[in-house]
Each structure stands twice: as structure tokens, then as C-alpha cells.
Amino acid sequence: MRKSFKMMAAAVMVLATAMVAMVLTSQNSAADTGSADSGSISWIMVSSALVFAMVPGLAFFYGGMLRRQSMSSMIAQTLAAISIMSISWIAVGYSLAFGSDGAIIGNLQHLFFGGLTEEASGGAISTLEFATFQMMFAIVTAALVLGACAERIRFNAIVWFLIIWSVLVYAPMAHWVWGGGWFDQFLTVLDFAGGTVVHICAGVTGLALCIFVGPRLSGTRKARAHSIPFAFLGAMLLWIGWFGFNGGSSALADGTAVHAFFTTQAAGACGMAAWAIVQYIKVGRVGVLGLIAGGISGLVAITPGAAYVGFVESMVIGAVGGALCFMAVRIIRSKTKFDDALDVFGVHGVGGIWGAISTGIFAKSSLAGVDGLIYGGVDLFVGQIVAVLATIVFCFAMSYAIIWLISKFMKVRIPEDEESIGQDIVEHGEPAYL
């Protein structure tokens, strides 16, 4: 365990060093060429790498919170998400999401990234770089889903689920919000970095899966997190990656990116503080996993409005997100039979819903081009609510239908005796620890 912890810490240091080197290189490049494009190109490349770093972060974060005999299986599922979503996005996903401005779905003109260019022009990044950046979002969204149904869904079932889900759920959602789909055509909706597309979609998808496969065995469900250090390091990789997630969503190295970068940190910090306060009031102590969950709740909440709300408003959004997600997780665990193993819906679903609605409340026209509810704007507030409801209904119905269909061709749930042993041994034959 100690050796693994040191390796993880070393990996974080290497990542941080690489990011600094890339930024310094981009600054030198911009100075040498005098080009306005070089800084943006470099920043989005760095942001893409930061977002991708969230995926191994999720593997450590999720794996650390599970039993020790589930660590390898979580890593395997995360690697599967990387492969499936990358191939799907390149082959057809990007084209369906951004191929046209049809109301429901794009077209097939960009199959296998056909027609994309490597050259930037007009002060913007290239279409290939934009497509690559968006691919990282697709991977992260799929990886987020895995935590809800952890420790009882078969590896081959989740593989087939993600293959179909990537085309029938994620691509349409990306099109509706960012690709000129019906959210953009018929509603006034703002989603800067993925409140609906990523967080609500992942949370609701995870909820559909955990309802379908049912709860884990009592002993499995009550097991404590096997590695708090892994969970912490994974969560901090997520937080670091969030700066690229939100800061890179302006698609330029500009003031909007700086604004989103700051509001991301402010909301995450306030979410952590709020969760800790409420947890102390309700439970009488504050745990490491609670502090982590609070920070992530604040980060989730600010994602859709990171560039559209003021600094004070971002702190309010983060704080309410932390408190709201704590209560949601507590209610789901104690009042329902849903076994959302790693609180994917409680944090990402509920946090994303609050973030989308709060954007409709606090957005400023000076930043967003349209006012939120507190500044007299009603259209945005109504549009955000409609978008949230549509996302919940679509993602849940489609995800449940996909896993139901898969269950007609293969077994989805692992047997109870295999669950007790753990998927690391039963499915992969590779225990994480000797």
C-alpha cells in the first residue's frame, strides 16, 4: 500500500511538472511568433490533458472508497471507458453531436473525424483540437457513471452498455446543448462546461443502472473505504483536472477562461466548507471522505455557470451545492433502497441539477449575455428548468432501456458468491494487492 501511495504521489508531481512545462512553452511560443492563436492552442491542449487526468483520478477515487477486492475491477472499467468512448467519439459520436444544427441529432459528415482541420484560423482553435477536447468530456462522463453500480455489474455488461450509451445518450445530449440542438433552438439555456451533458447525465444514468441491478449484499454495502489516501489523491486529481474542464471550455486563452478558473476554485472551497458544517451539525464529526465529497459537490454545482456568474455568486452556488448534496446523499442512503455505491446521483446528479438551476438564477448579462432570475430575467430560468427535466427523463429512460435490452442477451448482475469474493479475482484474476 505504501509503495502504491508513493507511486501515485509521484505521478501527481510528474503531471504538475508537465503542465507547468507546457504552459511555459506556450508563453514562449506566443512571444516568439506574436500569434494570438498559439496561446489558445496551447491552453486547450493543456486543458485536454487536465480533463483526461480526471479519468485515472476517478479510478483511484472510486477504487479507494470501495473494498480492497474491488480496486482492480474499477481500474479495468475505467480503462474500458477510455477505450470505448474514444473510439465511439472518433468514429461517430463527434459527428452526431456537432455535425449539423438539426434539432435532435447531427449528421454523419464527420465520421472518423473526417473534414476536421489541424490548422487554427481567425483567432480560434482548430476543429480537430476542439473535437479532441470534447472527446475528453465524453470519457469522463462515462467514467463517472461507473461508481453508481460498482461491485455488482459484470464487466462485459458495462462494456456493451457504454458502447450503446455513447451513441444513443451521450452524443444526443452533447448535440442538444452544444451542437445547435433543440435546447439552443427553442429554449434559452446556458451550460458552460457540462452541468446537463456531463453531471446530470452521468448521475441519472448511474441511478438507472443501480436501480436495475439492485443493491449489493449487506456485507459489501457496509464495508468501509479501503484506502483514504487513494481516495484523497484521486479527488485532488479531479480538482486539478476541473481547472481544464471549466477553464478550457471557453475554447480560448482569454478572460473568460480566467474567470471560470477562479469561480471553479471558489465554489469547490465553499462546497467543502458547507458539507463539513452540515455534517458536523448532523453527525457530530467531519470525515475526510465528507470533505472530499463537499469539494466535488461545489465543483459540480459551478460547472454550468462557471463563466456566467459573479465571484460572490459562485461562492453561494458552491456552498448551497455542498449542503444540498450532503442532504441528498443522506436521504438516498437512509430513506430509499437505491444502492448508489459511490453517491454518483447524490453528488453529480443533484449537484448538476442545482448548478443548472442556479445558473438560471444568478447569471449576469455582462458575462452571459442574458440575465438570470434575480436580475429580472425569466426566460433563462424557465429554460434551465425545462433543460434539467428533459435531461433527467431522457437519460434515465434511455439508460434503463439499454441495460434492460442487454439483460436479454447476457447476465448483467454477478452472482452473490462472486460478489463476496470480489470482481478483482472472479472477473480479472488480478488482485490489486498481494
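Student: At what angle do helix α13 and helix α15 pack?
Tutor: About 165 degrees, with their axes 7 Å apart. Here α13 covers residues 344-362 and α15 covers residues 379-407. Helices are DSSP runs (H or I, at least four residues). Axes are fitted to C-alpha atoms over the stretch in contact, with angles from 0 to 180 degrees between N-to-C directions. The model is predicted: local features need pLDDT of at least 70, side-chain atom pairs need 80 or more, and totals for chains, interfaces and linings use all residues. Numbering starts from 1 along each chain, and side-chain values use heavy atoms, without hydrogens or water.

Student: So how do α13 and α15 run relative to each other, then?
Tutor: They are therefore roughly antiparallel (an angle over 145 degrees).

Student: Which residues of α13 and α15 make the contact?
Tutor: From α13: I353, A356, I357, T359, G360 and I361. From α15: L380, F381, Q384, I385, V388 and I392. Contact means heavy atoms within 4.5 Å.

Student: What classes are in that contact of α13 with α15?
Tutor: Nine residues are nonpolar, three are polar and none is charged. Asp, Glu, Lys and Arg count as charged, and Gly as polar.

Student: New topic. How much space lies in the largest pocket?
Tutor: About 1,200 Å³. A pocket is an open set of 1 Å grid points where a 1.4 Å probe fits, with protein on both sides within 12 Å along at least five of seven lines.

Student: Which residues are closest to the centre of the largest pocket?
Tutor: L289, V329, R333, A341 and D343, out of 39 lining residues. Lining residues have an atom within 4 Å of a point.

Student: Which helix gives the most to the lining of the largest pocket?
Tutor: α11, with six residues. Helix α11 spans 288-302.

Student: And how do the lining residues of the largest pocket divide?
Tutor: Into 22 nonpolar, five polar and 12 charged.

Methods:
Helix = DSSP H or I, 4+ residues; strand = E, 2+ residues; numbered from the N terminus. Parallel < 35°, antiparallel > 145°, perpendicular 65-115°, else oblique. Points joined across faces, edges and corners; volume = space filled by probe spheres on them.
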